[in-house]
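Could you have a look at this one before we talk?

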Amino acid sequence: MGMTGTIRIIGIDPGLRRTGWGIIETLGNSLKFVASGTVTSDGDLDLASRLCQLHDGLAEVVHAYQPDEAAVEQTFVNKDAVATLKLGQARGVVMLVPARAGLPVAEYAPNAVKKSVIGVGHGEKQQIHMMLKILMPKAEFKGNDAADALAIAICHAHNRGGQRMRAALAG
């Protein structure tokens with residue numbers, strides 16, 4: 001692939017109920033929508049079974065679309081420690097899937113994603129949806145999870161060169 005070829009990126013918005021995914025291709029400064037969707041888990045099942053559902057669903061997506069790189073949104077800590085822990089476990093599964101497929105996995109804070117897509121670190125979901133349509137007119141996404149995942153992929157497309165340089169300098 002190299003720096004001159006098209007790079008396929010999967011952005012992942014982790015969640016225990018719904019994990020959004022979005023796949024784009026980037027060539028230079030151009031962005032192209034490939035696909036997006038949501039992997040869900042059954043809330044009636046135990047935690048381990050739900051994590052398996054997320055793993056298997058996301059593994060199918062990675063296998064079907066063969067991305068070159070992955071980007072995952074970092075988890076924010078909320079007041080509910082149990083919910084935060086469950087989200088962290090879902091996030092671990094979500095990071096494991098592309099890593100097991102041999103992909104480099106980058107992480108981005110929610111504010112960095114928003115700043116990359118809409119220009120400011122704090123913004124509404126509708127602003128993200130609107131900018132996705134401007135940046136990639138053919139983009140299709142159902143719901144906030146898939147839209148957020150596409151935004152994460154775009155954030156990575158904008159930041160991946162600098163990240164590779166920092167990694168090389170770190171040795």
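1. Ground rules first. This is a predicted model, in which local features need pLDDT of at least 70 and side-chain atom pairs count only at pLDDT 80 or more, while totals for chains, interfaces and linings use all residues. Residues are numbered from 1 along each chain as its sequence is written, and side-chain values use heavy atoms, with hydrogens and water left out.

2. The pocket. The largest pocket comes out at about 720 Å³. Its lining counts 28 residues, and P14, G15, F76, L87 and D145 are the ones nearest its centre. For the method: on a 1 Å grid over the protein atoms alone, a pocket is an open set of points where a 1.4 Å probe fits, with protein on both sides within 12 Å along at least five of seven lines, and lining residues have an atom within 4 Å of a point. Grid points are joined across faces, edges and corners, and the volume is the space filled by probe spheres set on the points.

3. Who builds the lining. At least two lining residues come from each of α2 (81-100), α3 (110-118), α4 (125-135) and α5 (143-170). The biggest contributor is α2, with six residues. Helices (H or I, at least four residues) and strands (E, at least two) are DSSP runs, numbered from the N terminus.

4. The annotated set. In the UniProt record, an unreviewed entry, "active site" covers D13, E73 and D145. These positions spread over 133 residues of sequence yet cluster in space, with a largest C-alpha distance of 11.2 Å. D13, E73 and D145 from this set are part of the lining of the largest pocket. UniProt positions follow the numbering used here, feature names are shortened, and annotations may be inferred rather than shown by experiment.

5. E73 sits in strand β4 (residues 69-73). Buried or exposed? E73 is buried, because its relative accessible area is 15% (buried means under 20% relative accessible area, exposed over 50%, partly exposed in between, with a 1.4 Å probe and protein chains only). Beyond residues up to four places away in sequence, E73 touches I12, D13, P14, R91, Y108, P110, V113 and I152; contact means heavy atoms within 4.5 Å.

6. D13 and D145. D13 is in strand β1 (residues 7-13) and is buried at 8% relative accessible area. Leaving out neighbours within four places, D13 has contacts that include E73, D145 and R18. D145 belongs to helix α5 and counts as buried at 16%. With residues up to four places away set aside, D145 touches D13, R18, G20 and T38.

7. Salt bridges. The whole structure has six, where a salt bridge is a side-chain nitrogen of Lys or Arg within 4 Å of a carboxyl oxygen of Asp or Glu. R160 pairs with E69 at 2.5 Å between the closest N and O atoms. That pair links helix α5 to strand β4, 91 residues apart. R160 is buried at 11% relative accessibility, and E69 is buried with a relative accessible area of 11%. Salt bridges with shared partners also join R8, E25 and K32 into one network. Within it, E25 meets R8 at 2.6 Å, N to O, and E25 meets K32 at 3.7 Å, N to O.

8. R50 lies in helix α1 (residues 47-65). R50 is buried yet has no salt bridge, and D42, the nearest side chain of opposite charge, is 6.5 Å away; Lys and Arg count as positive and Asp and Glu as negative, with His and the chain ends not counted. Not counting residues up to four places away, R50 touches L16, R17, S41, D42, G43 and L45.

9. S41 and Q66. S41 is in the loop between β3 (30-40) and α1 and is buried at 11% relative accessibility. Q66, in the loop between α1 and β4, has a positive phi of about 50° although it is not a glycine.
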